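Have a look at the structure first, then work through the notes.

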Amino acid sequence: MIKSLVHSLRIYLAEAWLSYHGRFAITSPFGYIASKLGFPFFLMLFFIYLGKFVGFTNPLYIVIGNVLLIPAANGLNGVNLAIADERQWGTLSYVLGSPAPRLPIFMGRALFYILDGFITALLGLGIAALIFHLDLSKVNFWMLVLCIFLIAITSSGLGFLFGSISLVSRDGWMILTTFVSALYILVGVNFPVESLPPMLQPVAYGLPLTRGIMAARLALQGAGWGVIGHLVTGEVLVGAIYILIGYLSFHLIEKRSMASGTLDEM
Amino acid sequence: MKRLRWGLIKRQVAVQVQVITLNLYSLGLFVIQPAVFTAVGMLLSHAAGNAMPDLVYNVIGGGIMGMWSGLVFTSTFDIVDDRRTGVLEFIVGSPTSLATVEAIRTLTNVIAGLLSLSVAFIAALAIFGYSLKNVNFWGAGVSLLLLLFAMWCIGVFLANFLAWSRMSGTFVDYLEMPVAFLCGFMYPIRILPVWLQILSGILPIRWALQAMDESLLGNRDLAFLITHWAVSIGISLIFLGITSWLQVKVHDNIRVSGELSSI
């Protein structure tokens with residue numbers, strides 16, 4: 001039993017490292033930093049000035065929302081690519097043909113993207129605090145850390161789901177980028193969820209990140225577990241559902257491909 | 001000779017149009033992404049208590065965003081795909097120069113971007129009841145032509161970097177938002193700090209776009225428009241000049257090193 005657990009843990013960690021290393025080892029430092037902070041920074045500036053033009057008087061709302069979206073973008077894009085690239089580079093058949101247990105192989109792909117997104121968001125928050133003079137005097141630091149870490153984890157559930165979609169569709173990347181764009185509207189990044197049309201609000205609450213971002217905003221204002229506990233619990237539940245759906249989708253695709261033998265045609 | 005060139009243009013445009021239309025990603029770039037940016041602008045406007053969004057900047061501006069994103073990413077992916085599939089070597093080795101192929105491709109991509117603008121414009125007219133009563137039509141038309149020219153000049157300029165090195169492609173990928181932010185695609189440039197307005201002056205798109213937005217808002221000040229058009233043409237030609245100089249360097253570099261597929 002213990003031997004089996006150690007074996008799975010070893011596969012999990014090896015998979016985590018190889019998956020992350022394989023993606024970023026050939027990236028230049030410029031490309032790495034630009035992908036982590038460059039795009040979100042300029043996107044944030046764009047939304048800030050868009051908000052300023054239309055008379056949205058709380059630019060810090062946009063700043064905080066966009067910083068909190070960093071781990072989500074990392075989890076979504078990174079995990080999705082870690083899975084979808086197997087198909088693109090023709091290595092999926094080796095993965096599915098190997099005797100290694102699927103759970104650590106699948107889950108391991110998210111580990112470093114979660115840690116990376118978490119650290120990048122903390123770094124982004126520090127930079128934003130310096131540039132935009134965020135008032136961090138009241139912040140409940142450990143609750144904020146918990147919320148950011150949670151956002152990074154729950155968004156990886158979406159990454160698993162879209163990664164699985166990428167295995168069966170050649171347009172997986174397009175579907176993902178469209179979805180990521182929709183997050184600018186749906187999860188309360190640039191304006192409160194209450195500003196959405198009523199029909200979109202249930203959609204927002206059905207997604208991971210919405211409650212996590214709300215909880216993180218409250219933690220920045222000093223709120224403790226008593227205030228944000230229900231949001232954190234809701235975020236955990238929604239995130240767990242997406243991770244489960246992502247894993248089951250992967251499992252289903254694997255079974256289907258084994259039965260039909262059409263793995264490379266998908 | 002002229003007929004041969006025209007034939008080349010027709011064939012290259014036809015191929016490029018097929019590449020764009022058969023790729024679902026183009027739909028995302030030219031239609032969905034601009035719609036999302038427009039929606040963010042409208043919802044921010046709603047959250048700020050406005051009854052109606054600003055049609056020129058929030059709605060039609062979203063179309064400009066789509067034109068730019070489409071240009072940056074289709075041109076980027078063209079070269080990246082050529083490199084990955086080994087076609088780049090054939091293009092460089094063919095009698096038609098890489099520069100000519102890239103110029104025609106970029107032209108097609110720029111014109112395809114008009115789809116974004118058209119969708120945004122139709123949405124402004126049909127959904128939001130945008131009035132054309134005060135629009136300076138000829139001013140907007142000339143500005144649009146110069147905007148397309150400016151985008152084409154920037155597009156061929158960037159294509160050279162991509163052919164030169166895959167690492168520079170990383171840099172080009174991240175130009176989408178800085179340029180959108182600096183040129184004021186969805187807000188007037190005057191709301192930026194003065195130093196950013198000065199910085200944005202190096203981009204010809206900024207001048208043509210400012211003239212177009214003002215024309216759509218009814219500005220008929222000829223001196224203002226001519227100044228902006230002249231600056232836009234001047235900077236576009238400077239980009240074109242640098243591109244011509246760079247093309248020779250890029251061609252020499254990739255032929256001498258012989259490492260086109262690996263650089």
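**Where the chains meet**

The contact draws on 32 residues of chain A and 31 residues of chain B, with two residues in contact when their C-beta atoms, placed from the backbone, lie within 7 Å. Bear in mind that this is a predicted model: local features need pLDDT of at least 70, side-chain atom pairs count only at pLDDT 80 or more, and totals for chains, interfaces and linings use all residues. Residues are numbered from 1 along each chain as its sequence is written, while chains are lettered from A and ligands numbered from 1 in the order in which they are written.

**Chain A's side of the contact**

- The elements giving two or more residues to the side of chain A that touches chain B are helix H2 (29-54) and helix H7 (172-186) of chain A; helices (H or I, at least four residues) are DSSP runs, numbered from the N terminus.
- H2(A) gives the most to that side, with 16 residues.
- That side of chain A splits into 20 nonpolar, 10 polar and two charged residues (Ala, Val, Leu, Ile, Met, Phe, Trp, Tyr, Cys and Pro count as nonpolar, Asp, Glu, Lys and Arg as charged, and the others, Gly among them, as polar).

**Helix pairs**

- In chain A, the axes of H5 (residues 102-132) and H6 (residues 141-168) come within 9 Å and cross at roughly 140°; axes are lines fitted to C-alpha atoms, for helices over the stretch in contact, and angles run from 0 to 180 degrees between N-to-C directions.
- That angle makes H5(A) oblique to H6(A) (under 35 degrees is roughly parallel, over 145 roughly antiparallel, 65 to 115 roughly perpendicular, and the rest oblique).
- Among the residues that meet there are Tyr113(A) and Phe118(A) from H5(A), and Phe149(A) and Ser156(A) from H6(A).
- The H5(A)–H6(A) contact has 10 nonpolar, three polar and no charged residues.
- Over in chain B, H2 (residues 24-47) and H3 (residues 55-85) pack at about 145°, with axes 8 Å apart.
- Gly62(B), Gly63(B), Gly66(B) and Gly70(B) are among the H3(B) residues in that contact, which divides into 10 nonpolar, 12 polar and no charged residues.

- Leu209(A) has a phi near 85°, a positive value in a residue other than glycine.
- Leu209(A) is buried, with 28 other C-beta atoms within 10 Å (buried takes 20 or more, exposed 12 or fewer, partly exposed in between).
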